[in-house]
Amino acid sequence: MLFLVAALMLFGVVLGTVAHAPLTVTALIAAVIAVWLGVFAIRERIGRRRRTQAN
């Protein structure tokens with residue numbers, strides 16, 4: 001998942017409008033997205049674990 005964030009960030013720097021933003025802003029936004037995806041993955045894993053135990 002973190003590889004995906006890094007790949008998208010690199011792609012954005014090379015081709016997208018993020019090339020016009022400062023590198024610190026780009027890195028901060030990439031970090032926020034990575035944390036968001038991590039929290040989502042943890043919540044999904046916990047949710048699936050609870051559903052399988054209840055059945």
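Okay, one term before I start: when I say helix, I mean a DSSP run of H or I that is at least four residues long, numbered from the N terminus. And keep in mind that this is a predicted model.

So, the overall picture. The protein chain has two helices and zero strands. The helices are α1, covering 2–15, and α2, covering 23–54. There are 55 residues in the chain, and 9% of them count as buried. The accessible surface comes to about 4,900 Å², and 71% of that belongs to carbon and sulfur atoms.

Now the largest pocket. Its volume is about 180 Å³. Which residues are closest to its centre? Eleven residues line this pocket, and the closest to the centre are V5, L8, M9, A30 and I33. Both helices take part here: α1 and α2 each supply at least two residues of the lining. And what classes of residue make up that lining? We get nine nonpolar and two polar residues, with no charged ones.

Take L10 as the example; its place is in helix α1. Is L10 buried or exposed? L10 counts as exposed, because its relative accessibility is 56% and the cut-off for exposed is over 50%.

Note on methods. Residues numbered from 1 in each chain as written. Predicted model: local features only at pLDDT ≥ 70, side-chain atom pairs only at ≥ 80, totals over all residues. Heavy atoms only, no water. Buried < 20%, exposed > 50% of the residue type's maximum accessible area, 1.4 Å probe, protein only. Areas by Shrake-Rupley, 256 points an atom, 1.4 Å probe, with all protein chains shown as cover. 1 Å grid on protein atoms, 1.4 Å probe; cavity = no way out; pocket = protein on both sides within 12 Å on 5 of 7 lines; lining within 4 Å. Points joined across faces, edges and corners; volume = space filled by probe spheres on them. Nonpolar A, V, L, I, M, F, W, Y, C, P; charged D, E, K, R; others polar.
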